[in-house]
Amino acid sequence: MNPVAAVGVVGGVLGAGAYALAVLDGAAARGVAGMPRRWADVVVEPARDAALLALTRRSTTERPDAQAWALAPGLLAAMAGAAVASVPLAEGFAVADVADGIVLFGAAMAVVMVGVYLHGWSANSPFPLVGGYRFIALALSYEMPLALVLIAAALPAESLSVGAIVASQAGSWNVVRQPLGLPLYLVAGMGLAFWGPLDGADGADLAGGTAAEVSGPARLAWELARRFVLVAVALMGAAVFLGGWHGPVLPGAVWMALKTLALLALTVAIGHRVARVRLERFVVVAWAVLIPLALVDVFVSGALAL
Amino acid sequence: MSRSLAVDVAFVLFAGGAVVAAWLVFRTDSMVRAAYWLLASFLGVGAVMVLLHARFLGLVLVLMMAGEMTIMAVFMVMFMMNPAGLNPMTMVHQHGSAKVAGLVSFAGLALVGIVAEFPDRPRTSDADPTAELGVELLGDSMLIFETAGVTLLATMIGSIAVASKRGRFGDAEEGSGPPPLEPTARPAPEPEPAMEDHDHEGMHHG
């Protein structure tokens with residue numbers, strides 16, 4: 001694919017996904033608060049918020065690490081873009097369906113951890129720093145289940161390519177074949193984007209965590225970047241667990257969009273309905289329950305694939 | 001731009017970037033920055049491996065090192081009692097022996113690069129290096145890798161058993177107490193046993 005077209009496709013998917021996520025989030029917030037959903041408002045509101053942030057003055061702290069601070073949102077956005085590039089958006093249409101797509105996704109999501117920690121650390125301020133350390137504890141807990149469920153999904157396809165994994169789901173989707181996979185993946189994905197119940201890094205209990213000292217265009221970049229990560233997670237989840245382009249009547253690209261939106265809507269609903277969990281409890285649950293469940297997923301999927 | 005020229009340019013950028021980032025590890029004044037310059041250097045090496053068609057190894061290098069360098073930064077900050085790692089501190093010490101070690105290792109590697117005969121076996125582009133790597137790991141070399149893997153796993157379990165709070169040698173906090181407020185040569189005092197009426201008071205307030 002032409003490099004300019006490739007950048008356009010990845011940027012378009014991330015931008016449209018992040019806007020849809022913001023609209024869904026606004027609608028869910030109004031629903032939870034019992035406010036009337038005036039759809040005209042709900043659809044315009046994210047653009048209004050973004051414009052407000054873009055025009056707000058940037059704040060700074062005493063002696064921050066300015067380069068790392070500016071790098072953090074770029075790192076998250078770039079890694080989300082790399083993940084999106086490896087996912088086929090329709091049958092035979094991917095920006096780069098590399099043979100090791102699942103490993104590329106894992107590597108990109110590991111670098112996200114670096115981005116979030118740097119964002120908290122480089123502000124040179126207590127609350128962001130605590131947020132950064134919280135994210136490391138969270139990330140070290142969700143990384144293993146995330147890697148294991150993706151390996152399990154790659155076993156029936158006998159390939160690490162995302163396109164081959166989607167193709168292997170022509171008969172039945174992985175969400176049916178490997179019932180443990182999608183729930184574990186969603187927990188890890190919400191941790192990756194520090195979303196909803198796993199929002200320890202940027203939580204309101206830390207006055208905004210890693211983003212506590214960030215305002216103006218830098219805040220806009222950060223909020224966009226973490227939504228890009230969630231969109232990449234949903235897109236990969238739709239491809240790996242929900243059968244990707246497979247589906248009756250409608251064209252494959254539409255199915256892909258619908259499945260991604262469904263996962264985003266589910267994430268938003270969980271974010272508004274489930275209380276934030278305490279990190280030390282989550283770490284224990286992740287190591288004592290989620291990793292063994294993910295191992296069961298790998299062993300059962302491997303035995304079935306043989 | 002032709003494809004091979006683009007690959008050459010990318011190689012020079014990533015390889016040069018890896019060297020510069022590795023040099024910056026020692027020029028920076030913060031443990032976190034040093035750890036992440038090292039990560040940047042590894043990212044360059046990973047990209048070079050991808051350019052050499054070792055995609056799986058290159059990506060796994062990035063995957064592992066992103067986590068390793070973060071853990072290393074956190075551990076260094078914990079051990080150095082420098083809460084944020086933002087306070088300036090020098091990253092180089094023992095200048096004399098460091099110079100000798102650096103020169104010796106550079107000369108050794110340069111000698112290998114110049115003298116050694118590297119295998120020259122061009123492969124067809126349809127070869128699958130990931131599959132070949134898997135066959136190698138679980139075929140001829142399985143005994144070596146499994147021995148190393150199980151040994152490392154046993155080491156990890158053992159160190160957790162020794163170091164955990166309720167570990168092999170009892171409660172980790174046994175005998176420890178808060179540091180004294182005045183500087184003193186004596187070790188920290190034993191903590192006072194909890195008073196019985198403490199709970200009682202708490203109940204009234206609750």
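Guide: Start with a term. A nonpolar core is a set of buried Ala, Val, Leu, Ile, Met, Phe, Trp, Tyr and Cys residues joined through C-beta atoms within 7 Å. Buried means that 20 or more other C-beta atoms lie within 10 Å of a residue's own; exposed means 12 or fewer, partly exposed is in between, and C-beta atoms are placed from the backbone.

This is a predicted model: local features need pLDDT of at least 70, side-chain atom pairs count only at pLDDT 80 or more, and totals for chains, interfaces and linings use all residues. Residues are numbered from 1 along each chain as its sequence is written, while chains are lettered from A and ligands numbered from 1 in the order in which they are written.

Now the core. The largest one has 132 residues, and Ala80(A), Phe228(A) and Val229(A) touch the most other members. Helix α9 of chain A, residues 217–240, gives the largest share of this core, 17 residues. Helices here are DSSP runs (H or I, at least four residues), as are strands (E, at least two), numbered from the N terminus.

Zoom in on Val229(A). Set aside its neighbours within four places in sequence. Val229(A) is then in contact with Leu76(A), Ala80(A), Val112(A), Leu192(A) and Ala193(A). Contact means that the C-beta atoms of two residues, placed from the backbone, lie within 7 Å. In soluble globular proteins, nonpolar side chains tend to be buried together.

Step back to chain A. Its secondary structure comes to eleven helices and zero strands. The radius of gyration of chain A, taken over C-alpha atoms, is 19 Å, close to the 19 Å that the globule rule (2.2 Å times the number of residues to the power 0.38) gives for 306 residues, so chain A is as compact as a globular protein of that length. The C-alpha trace of chain A spans about 60 × 45 × 45 Å along its principal axes. Of its 306 residues, 53% count as buried. Take the contacts in chain A between residues at least 6 apart in sequence: 79% of them join residues at least 24 apart.

Chain A also touches chain B. That contact takes 19 residues from chain A and 17 residues from chain B. On the side of chain B that touches chain A, α3(B) gives the most, with ten residues. Finally, the scores: the model has ipTM 0.90 and pTM 0.87.
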